[in-house]
Amino acid sequence: MTHIVKRSFRYNISGSWYKGNVHIHSKDSDGGKSFEELAEMYANAGYNFLFRTDHWVCSNALQENDTYPVLWLDGVEIDGIDFTGGRYHVVCLGFLKGLPREEGFEACLQTARQQGALLILAHPHWSENSLEDALRWAFDGVEIYNHTCHWLNGKGDGLVHWGAMLKKNPMTLAFSVDDVHLRLENIGWNGGWIMVNAARCSRKEILHAIRCGNYYSTCGPDFHAIEFDGQDLHIKTSPIRFARLVGPGCLGRRVGTFNGPELTQFSISVPKDWVYTYVEIEDNAGNRAWTNGIFI
């Protein structure tokens with residue numbers, strides 16, 4: 001007997017798309033640029049919002065006069081070792097306070113959760129996190145692409161960890177990020193970002209849309225429309241070579257060809273018994289973009 005999964009469609013694209021990055025470092029920790037310099041650089045690259053996620057520095061963008069060319073939102077990155085010896089970096093999105101490093105990783109992770117932060121497992125491949133590490137602390141999301149770690153040693157991919165997390169919790173979110181530092185030894189930026197669909201580019205609307213997963217992650221290609229008629233997904237994109245409907249384990253469906261015309265729209269049916277599914281698209285240059293899990 002086929003098991004039918006109870007589900008509802010995640011995406012509401014009635015708003016506008018806003019480009020942003022949720023993992024940014026400034027001179028407040030180990031970054032090479034000030035908030036003013038970062039805001040100007042990213043605004044010139046078409047960004048609408050950025051999160052301040054300096055190491056162990058809880059930001060408070062609201063206390064400043066809002067004259068930046070992008071919207072700044074608050075966050076912090078914490079790191080440490082848990083009781084099993086697993087080494088973690090966790091990006092915490094939201095306005096937070098009272099996270100002293102000396103209290104230890106586990107205590108601060110719990111404090112951040114109690115204060116309502118959205119908790120993202122950062123660069124699990126680079127940190128050599130096992131799948132058990134990824135599942136242990138009920139993270140809200142995981143970085144599936146980290147641009148800085150990809151440049152440093154090729155360990156910027158977190159898709160395997162996301163697959164394990166989706167199997168346990170189909171609500172787990174995915175993030176493509178820069179993890180920008182912009183020092184002489186680490187100059188990469190604008191290599192991974194998210195596109196949020198929201199009614200307006202405000203702190204409340206952007207953070208709410210991210211919590212709901214109403215965004216996609218990308219290293220280049222764009223989703224323009226993501227719709228579902230109860231059986232088939234109908235998707236419009238920038239020009240791409242391939243699209244993949246990714247399911248549990250080895251399950252999947254594909255559209256596109258190696259030699260045919262590029263795609264800008266396609267439809268694909270979704271099996272009713274898949275516990276989770278998301279869409280990955282790939283352009284001619286090999287750059288990819290990913291939806292979150294299509295259903296909640």
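Biologist: In which sense do strand β11 and β14 pair, parallel or antiparallel, and over how many bridges?

Modeller: Keep in mind that this is a predicted model. The general idea first: strands of a sheet pair through backbone hydrogen bonds, in either a parallel or an antiparallel way. Here, β11 (residues 232-240) and β14 are antiparallel, with 6 bridges between them. Take K236 as an example: its bridge partner in β14 is Q265.

Biologist: What is the order of the strands in that open sheet?

Modeller: The order is β10-β11-β14, so you have 3 strands with antiparallel pairing. β10 (223-228) and β14 (263-269) are at the edges with a single partner strand each, which means one side of each has no neighbour in the sheet. From one strand to the next, the twist averages 15°.

Biologist: Which residues line the largest cavity?

Modeller: The lining is R52, A61, E64, N65, D66, Y68, W72 and R203. Sorted by class, that gives 4 charged, 3 nonpolar and 1 polar.

Biologist: And S127, is that buried or exposed?

Modeller: For burial, look at the relative accessible area: under 20% is called buried. S127 comes out at 10%, so it's buried. You'll find S127 in the loop between β5 (118-121) and α3 (131-136).

Biologist: What does the side chain of S127 make a polar contact with?

Modeller: With the side chain of H123, at 2.9 Å.

Key:
Residues numbered from 1 in each chain as written. Predicted model: local features only at pLDDT ≥ 70, side-chain atom pairs only at ≥ 80, totals over all residues. Heavy atoms only, no water. Pairing = 2+ DSSP bridges. Helix = DSSP H or I, 4+ residues; strand = E, 2+ residues; numbered from the N terminus. Axes fitted to C-alpha atoms, helices over the stretch in contact; angles between N-to-C directions. 1 Å grid on protein atoms, 1.4 Å probe; cavity = no way out; pocket = protein on both sides within 12 Å on 5 of 7 lines; lining within 4 Å. Nonpolar A, V, L, I, M, F, W, Y, C, P; charged D, E, K, R; others polar. Buried < 20%, exposed > 50% of the residue type's maximum accessible area, 1.4 Å probe, protein only. Polar contact = N/O pair within 3.5 Å; in protein donor to acceptor, adjacent residues only side chain to side chain.
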